[in-house]
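Q: Hi! Could you walk me through this structure in plain words?
A: Happy to, let's have a look together.

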Amino acid sequence: MAKHACQLNFLSRSDGSALYSIGNTVALASVNGPGEVKKSNRHYNRSHLEVCYSPSTGQSMIGERTLESVILHTVEQVILVHLHPRTATNVTIQEMQSDGLALSTSVNATCLALLDAGVQMKSPFAAVTCCLTPSGTIIIEPTEAELKESEALATFVFDGQALNVLSAHQEGCLDSENFYACLRKCQTAAKDVLNFYRRIMEEKYSSDKSYN
Amino acid sequence: MKEVPLSTCERTSIVSALQAGLRYDNREFLEVRDITLTFGKDYGCCTATIGQTRVIAQVTCEVVEPRPSRPNEGKLSVAVHLSPMAAPHFEPGRGNDLVDELQLILDRNIKESRCLDLESLCIMADESVWHLRVDVTVLNHAGNLGDACNIASVAALRHFHRPDVTVEEDGRVTVHTLEEREPIPTFMKKVPVCLTYAFFIVDDYCYMLMDPSEKEERVMSGKLIVGLNPHGEITSLVFPGRVSLQKEQIVSCIRNAFSKAKSSAEMVQKAVDEDIEKRKSLIKPEGFINCLASDARYARQRIMRKIKTTSKTEFKIPQEPVEDLQESMDEIQIKFDPFDSDEVTTPMKVKQHTAKKVKVSKPREVASESEEEEEEGKLTSQDLQ
Amino acid sequence: MSLKVGGAEIIGVVLPGDEILQFNPDVNKERICIGPGLRWEDNVVRATKPGILKKTTKKLYYVDTHQKRYIPQRREFVIGIVLKKKGDYYTIDIGGSEQATISYLSFENASKKTRKEMKPGDLIFGQLLVANKDMEPEMVCIDTYDRAVGMGSLPEGGIMFNVSLHVARLIVNPENPFLLNISKKVQYAIVTGFNGRVWVKAKKQSDMVAIMNCILMLEVMTLKEANDNVFKVFESFSRHGLK
């Protein structure tokens, strides 16, 4: 597995923010909310969610829109949106540095930014990317160079409780046997990611435990 | 989300703190917050921070056809993006006054100042040239975005290396990947520097601050954003807000800016050179991992440093330019009658050592500026005579 | 590894979705209370926020979270900014997702004839009478006996700034050792709203700014560290007083 690193409370103006890196891919996520909502987006029974992904170069294109929708659907399942009706929660993700793992890095950055902001949710979530090489081996969290060589690439997002799949994104062809093999490998890797989250949060609250 | 309203209390307390001679973050009036530059894994990616203001700039290039009017010049474009990440009240993809202002500053400072040798970006005249695109994204808005955006894009441009090309005999252009051939650095003739001065008019007295924070920006009467380079050229002057100043005050700002321009430009140059030097020795640059410090960590370091410096030096001598400038502004306040401000009075002429650098390089630029700036142009030409 | 501090027992750091305890009201005779950051579903109490799980002696469980965004809660004291007058009501910004309202009668000694007049931009310290997810919050500046007990519009000349909500909760107690430590240096008045707004007033402007910087230290340091540094912060501001 590639090295994970994270810094919480990265931006002073956001309610919650996290700089997350997996290997050489770095993403910055910021969360604002639950706050005021525009009339057109107001729901009587739940909070309005908005996800905005901006690449480091230029305007967002169709590829970025795909990322946005994957993240939006993942976040929607996890946040307790019904607790804050007539509000808006805004997630903004900035690509800082890319090395092939844009989706999983931004999903994990989003999760930690949500945790940093203290948004009420069911459980944390963790994304893991893996790829299948032509020789049939599965690499967890590959680099860009390894991705170019590979036949297929799959990203799974798991929830923190039972490691159920929240969303899956796949490029290239995988037969069902390989698909399940990828899924199982990613599932075990997700446990490590979730443990990493716990370590980060314990670090954040460590100062409060001793004094107060 | 709407911007949090500003209460009367916050407004008056900032002003009365200025009257007592101090700023909220315990800075001198003409003190600039700490500037850091960090470079990414790829060429041409840079984040700049001024205090807690944070901006990222990324340079990309592509081969395009040149403009028919300038067949042997490359193209350069700058785009500024503001998202809710910078501050919750910004809307994604929607322009606002702040974006327009930043876009204007960067266009003038970087594109129109011709600091980059565009002819060197030509591959084949009339056929193909390089188009460099700078994307500047604001990550955290804590005031003075103009300076931050300028510094980030200049550093990114200087840091950028474009891929090497070969032109075949039949006119085909091959772009080599970075692995195949050493990439070529961009050449920047003059480093543009941008400095912001904020003005607070209280009871006919003008307080002048450098590098305003976000709260100060919301309270101030107006600001002057000076774009210049250490070679003595002014590239832009933007003067928004509801404040009218004597032209001498503007000149004194510009003088102060020139005295700081060199160190600022050198700082950027040094940071870029150091990083490029590092790249030569290391096989794989790590980029942003582990070298970006969060705002919280910065705030902590700043407090620690402040505490340390004060416990060591109890009587700090105020910086030279502060008194100098404030004094000269006092003189203007006293000696000037608003109805007869056409003449240049003695106090300004005495301190002409910096004024000589104020040289209007291209009349075209001055002509495009607004009223105050035209006045400025007249004045300096008088000075030179 | 539990630790008892200030009446509440610290159980440990939790993440959303962590199971706190099994609780079935049909089986468990003993009653428990669950506070903010916890949710009871399918006979299991789970956390919904990350933070430190605490338990009071009266079996009240809650999660102490670091948060910047305010979510209005009933009976909490907040500092609001008057936005505009709207009929018999003023609309007030309290930092939540919706604007709060206050009737001009909800002030001490206010009647239809002696109205409380406030301008937009004024600061007001009050208590939330109505605050829930389905209704607009309503503020009052009187208690149930029509007394102001310190509430009302804040006088001129103070300084207002924002802190994180956990810092506000920390300094809301006037007997806090940190605030007492500052008071050794200068005499000052402080008003803390649960919405993270703090208003300070002292005699000298430089003292107010110094107090602000002291309190802002709590954002990035522990209470003990900040306590040690209070005097040094004042020292760094004192040179301005000499000028």
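Q: Let's start with chain C: which domains does the assignment give?
A: The domain assignment of chain C lists domain 1 (3-64), domain 2 (77-153) and domain 3 (159-242). Such bounds come from an automatic or database domain assignment. This is a predicted model, where local features need pLDDT of at least 70, side-chain atom pairs count only at pLDDT 80 or more, and totals for chains, interfaces and linings use all residues. Residues are numbered from 1 along each chain as its sequence is written, while chains are lettered from A and ligands numbered from 1 in the order in which they are written.

Q: What separates the centres of domain 1 and domain 3 of chain C?
A: Taken over C-alpha atoms, those centres are 32 Å apart.

Q: Which feature does UniProt place on chain C?
A: The UniProt record puts "domain: K Homology" (unreviewed entry) at residues 158-204 of chain C. UniProt positions are given in the numbering used here, feature names are shortened, and annotations may be inferred rather than shown by experiment. In the model, that span of chain C is 30% helix and 32% strand, and its end C-alpha atoms lie 10 Å apart. Helices (H or I, at least four residues) and strands (E, at least two) are DSSP runs, numbered from the N terminus.

Q: Switching to chain B, what is its mean pLDDT?
A: For chain B the mean is 80, and 79% of its residues reach 70 or more. pLDDT is the predictor's confidence in each residue, from 0 to 100.

Q: And which element of chain B has the lowest mean?
A: Helix α8 (residues 346-350) of chain B, at 34, whereas helix α3 (residues 145-159) of chain B has the highest, 95. Over residues 311-385 of chain B the pLDDT is below 50.

Q: Last one: in which sense do β11 and β12 of chain B pair?
A: Strand β11 (residues 193-202) of chain B and strand β12 (residues 205-210) of chain B are antiparallel, over 6 bridges. Two strands pair if DSSP finds at least two bridges between them. Ala198(B) sits opposite Leu209(B) in β12(B). The hairpin has 2 residues between the strands, and Asp203(B) there takes a positive phi near 45°.

Note on methods:
Two residues are in contact if their C-beta atoms, placed from the backbone, lie within 7 Å.
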